[in-house]
Amino acid sequence: MKKKISTVLLASFMLLTACSSNSSDTSSTTTPSGGAASTSKEITVWAWDKNFNIAAMNLAKDAYSKDHPDVKINVVEYAQDDIIQKMNTGLNSGSKSGLPNVVLIEDYRAQSFLKTYPDAFADMSASIKASDFAEYKLGPTSLNGKQYGVPFDSGVTGLYVRRDYLEQAGYKVDDLKNIDWQKFIEVGKAVKAKTGKDLLTQDPNDLGLVRMMIQSAGAWYLKSDGTTPDLKDNAVLKEAFETYKEIMNANIVKINSDWNSFLAGFNSGAVASVPTGNWITPSIKSQADQSGKWAVVPFPKLKNTASSVNASNLGGSSWYVLNSTGKDTAADFLGKTLGSDVNLYQKLVTDVGVVGTYKPAAQGEAYTKADDFFGGQKVISDFATWTAQIPKVNYGLHTYAIEDILKVEMQNFLKGKDIAKVFSDAQSQAESQLK
């Protein structure tokens, strides 16, 4: 990691989380071209994941077309890394030719694009009411007092639990509500002793759990400026590392090495809980024979950090309009659909499984409906409530570059390296690499 990495290149680093599905490079059947529209009445949208983001955008397209039949909206699917590469290449050249009018950008990467290309994106402050969206989404989607992104999906986390395994160990679902990680470990040991099941499945090379832990306390890898590494004296990150090691050493973890083995861990019934983002719900529900056996409770918090709450986030993306021909039509399209349409958000829940961050939608029928799979729990309503509690942080420019450093140091820490040395070395590496 001796090579210094420019801000522009950092925007292209890839470390995909589950909610940022890396789909193949294919276009929807109605979109022969991925280029920017030549007229104000034709716009092109780029996104990834045909079953989630593309499906959601097509619902928005259908809703808008009812009142705007003269506007042609091309929805094009690319893999996320291809979008990043194409955006960087085009914007670096100084020309927006061949780029879309609307693009989906992961929240962890948004500040890199906004700061690296300050004139590339349209100010959406007049097109949406920013205060109508979850507070934590406004940090990554705004810059210098202007709202550029239209916040989209919530990566709000929850603790999915197997109620049958808990009951065998002498616990009820209520016993796991609003707990800290030490209580989580205690329950895990009891479950393992009584049922032989591990409490969770983890890939030691994936820092998603650490990421969720620190955001629950309003902390991140960077200082509030979004650029300065904050590792050596970061007490929240230190507790997260120590807590992660406690979990890994408690004999309650089924180790996995990739996405498929992660899914297999809970789909097979081998683990009793899944602490992660709400986007895992369809995967949990894919096993119909487990209906009624699952519940979802708030995400655990850090025990020794007063600012930590029982809510956090993992992943999530937002929509941006480029300053190019068609930007007014694109802004109007987003403003009247994903920026304000409560009924559309109901369909996003029922048809796609998207938990949005548009607060007025949370009172709709789709959000308040009981889910039989989860024993009649109003899961979407709970996620909407927890979304409002997620601490706001500045993800800044270097999330993935710093995680590349921390992944190595986590392995060193698990093998016995002193915690102070871990973060001292990580800080030095980050400062050297990110100059």
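A residue is called buried when its relative accessible area is under 20%. Keep that cut-off in mind as we walk through this structure, which is a predicted model.

Let's start with aspartate 49, which sits in the loop between β1 (42-47) and α2 (53-67). Its relative accessible area is 12%, so aspartate 49 is buried. Now look at its backbone. Most residues other than glycine have a negative phi. Aspartate 49 is not a glycine, yet its phi is positive, at about 75°.

Asparagine 178 shows a positive phi too, near 55°, and is likewise a residue other than glycine. You can find asparagine 178 in the loop between α6 (163-168) and α7 (181-195). Is this residue buried, partly exposed or exposed? With a relative accessible area of 48%, asparagine 178 is partly exposed, because that label covers values between 20% and 50%.

The largest nonpolar core holds 146 residues, and Phe121, Trp319 and Leu338 are the ones that touch the most other members. Which residues does leucine 338 meet once its neighbours within four places in sequence are set aside? Its contacts are Met57, Ala60, Phe133, Val150, Phe152, Trp319, Leu344, Tyr345 and Leu348.

Asparagine 343 belongs to helix α13 (residues 342-352). Its relative accessibility is 60%, so asparagine 343 counts as exposed. Along the chain, asparagine 343 and glycine 139 are 204 residues apart, and their C-alpha atoms are separated by 26 Å.

For another pair, go to serine 424 in helix α17 (residues 419-433). Serine 424 and lysine 232 are 192 residues apart along the chain, but a separation of 5.0 Å is found between their C-alpha atoms. Serine 424 counts as partly exposed because its relative accessibility is 25%.

Finally, let's see how two helices meet. Two packed helices are described by the angle between their axes and the distance between the axes. For helix α9 (residues 235-249) and helix α16 (residues 399-414), the axes come within 11 Å and cross at roughly 55°. That angle is why α9 is described as oblique to α16. The crossing of α9 past α16 is right-handed. On the α9 side, the residues taking part are Leu237, Phe241, Glu242, Tyr244, Lys245 and Met248, and they meet Leu406, Glu409, Met410, Phe413 and Leu414 of α16. Sorted by class, this contact of α9 with α16 has 8 nonpolar residues, 3 charged residues and no polar ones.

Key
Residues are numbered from 1 along each chain as its sequence is written. This is a predicted model: local features need pLDDT of at least 70, side-chain atom pairs count only at pLDDT 80 or more; totals for chains, interfaces and linings use all residues. Side-chain values use heavy atoms; hydrogens and water are left out. Axes are lines fitted to C-alpha atoms, for helices over the stretch in contact, and angles run from 0 to 180 degrees between N-to-C directions. Helices (H or I, at least four residues) and strands (E, at least two) are DSSP runs, numbered from the N terminus. Angles under 35 degrees count as roughly parallel, over 145 as roughly antiparallel, 65 to 115 as roughly perpendicular and the rest as oblique. A crossing is left-handed if the near helix is turned anticlockwise from the far one by less than a right angle, and right-handed if clockwise. Contact means heavy atoms within 4.5 Å. Ala, Val, Leu, Ile, Met, Phe, Trp, Tyr, Cys and Pro count as nonpolar, Asp, Glu, Lys and Arg as charged, and the others, Gly among them, as polar. A nonpolar core is a set of buried Ala, Val, Leu, Ile, Met, Phe, Trp, Tyr and Cys residues joined through side-chain atoms within 4.5 Å. Buried means under 20% relative accessible area, exposed over 50%, partly exposed in between (1.4 Å probe, protein chains only).
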